Amino acid sequence: MQKIAILTDSASDLDIEIMEKYNIKFAPFRIIYSTGEYEDKVTIHADEVYSRLKEEMPKTSLPSAERINSILNTLEEEGYTHVISINISSELSGTGNSIRLILEDHPKLTSFVYDSKTLTIAEGYIALQAAIMVKEGKSFEEIINILPTLRKKSHVYFTLNTLEYLKKGGRIGRVSGTIGELLNLKPIILVDDDGIYTTVAKVRGRKQSLSKLTGIIKDYLSKGKCNIWIMHGDAFEEGKEFFESIKQLDNINEIHFSYIGPALGVHTGPGLIGAFIYEV
C-alpha cells in the first residue's frame, strides 16, 4: 500500500497552519545576512526581512542538504513509501534539482520531483491540491499525472514599485526597465509558461499599474469562474484595499489575501502587489 508524502519549499508561501493541517512537509530557503544565516519560516519571518531591507539586502540560498535529508529520513522512519516534491520554477532556483539529487540517496522512497514553473502561492496551491488528493486516496501515479493540468490553469501577475531588488538579486529574467524607472513606468510582470519573469505591460504610475492588473483579472473572470489570491510584499494596507476592490467582481469562485514571503521578497522588494488566478 502506498503512503505518500507531499514536500514543497518555502517559496510556496503556504502558511505553517495550512501545511500542518494537510500534512505538507517543507524545506525552508536560507536567508543569509552578513551577521548570520536564518531559515525561512523557521527562524525568520517575512516582516522581519522586509523591515531590514533598507539596512541590508540578504542573499537567499537553497534549502540545506542537511534539512532535506532530515525530512526524508523522518519520512522513511514514519513508513512513507512515496514522496512528491513540488518546487519553485527551475528557472529561478535550483531547489528542485537539489532535492532530486538528494533523493538518489533514499532509494526506499519512490519519488517524483515536479518543477511547478511558478512560485509563491501558485506553487503552494499545486502542493495543497496534491495533499488533498492524497487525503482523497488517489494513487502516486494519478497525482503526478494531474499536476501539469493544475499548472496550466495557474497564472501569476504582479507589479512592483521598483526593479532595484530584482536587478540586485539577478532575477530580472525578461524584465527590463532602467529607462522605465526614470519615466515612472511600472511593469506588469507575468510568470510565463517557462517559469520566467516577463513583462506583459508597462504603465505610468502606481494607480495605472493596479488598474491594469484589475483589467487582467477581469479578462480571466469573463471567460469563467476563477479562484483568486491577491498578494502583497510589505504593502499590507495597499494590498488589502486592492483585495477589497477585486472581491466585488463577478465570477469569483473564492478569493484570498496572501503575502510574499522572504524567499521571494528579498528579490522583489517592498511594495509588490500581485494576483494568482486559477481557472476553475
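Reader: How do the residues of the lining of the second largest pocket divide into nonpolar, polar and charged?

Author: They divide into 5 nonpolar, 2 polar and 2 charged. Nonpolar covers Ala, Val, Leu, Ile, Met, Phe, Trp, Tyr, Cys and Pro; Asp, Glu, Lys and Arg are charged; the others, Gly among them, are polar. This is a predicted model, in which local features need pLDDT of at least 70, side-chain atom pairs count only at pLDDT 80 or more, and totals for chains, interfaces and linings use all residues. Residues are numbered from 1 along each chain as its sequence is written, and side-chain values use heavy atoms, with hydrogens and water left out.

Reader: What makes a residue part of the lining of a pocket?

Author: A lining residue has an atom within 4 Å of a point on a 1 Å grid over the protein atoms alone. A pocket is an open set of such points with protein on both sides within 12 Å along at least five of seven lines. For the second largest pocket, K25, F26, P28, V42, R67, S70, I71, T74 and L75 form the lining. β2 (24-27) and α3 (65-77) each supply at least two of the lining residues. With 5 residues, α3 gives the most.

Reader: What is the volume of the second largest pocket, and what does that number stand for?

Author: The volume is about 150 Å³. Grid points are joined across faces, edges and corners, and the volume is the space filled by probe spheres set on the points. On that rule the largest pocket comes to about 240 Å³.

Reader: What lines the largest pocket?

Author: The lining has 14 residues, and L14, D15, I18, I121 and W229 lie nearest the centre. By class, the lining holds 8 nonpolar, 3 polar and 3 charged residues. α5 (120-136) and β12 (252-259) each supply at least two. β12 gives the most, with 5 residues.

Reader: What makes strands β1 and β6 a pair?

Author: Two strands pair if DSSP finds at least two bridges between them. β1 (residues 4-9) and β6 are joined by 5 bridges and run parallel, so by the rule they pair. L7 stands opposite S85. On β7 (residues 110-115), V113 faces S85. β6 and β7 share 6 bridges, again parallel.

Reader: Why is the unit of β6, α4 and β7 called right-handed?

Author: With the strands pointing away from the viewer, the path from the first strand over the helix to the second runs clockwise. β6, helix α4 (residues 95-103) and β7 make such a right-handed β-α-β unit.

Reader: Which strands form open sheets, and in what order?

Author: β2 and β7 are the edge strands, pairing on one side only. Another has 6 strands, ordered β10-β9-β8-β13-β11-β12, with mixed pairing. β10 (197-204) and β12 each have a single partner strand, so one side of each lacks a neighbour in the sheet.

Reader: How many bridges join β11 to β12?

Author: There are 7 bridges between β11 (residues 226-233) and β12, which run parallel. H232 has Y259 in β12 as its bridge partner.

Conventions
1 Å grid on protein atoms, 1.4 Å probe; cavity = no way out; pocket = protein on both sides within 12 Å on 5 of 7 lines; lining within 4 Å. Helix = DSSP H or I, 4+ residues; strand = E, 2+ residues; numbered from the N terminus.
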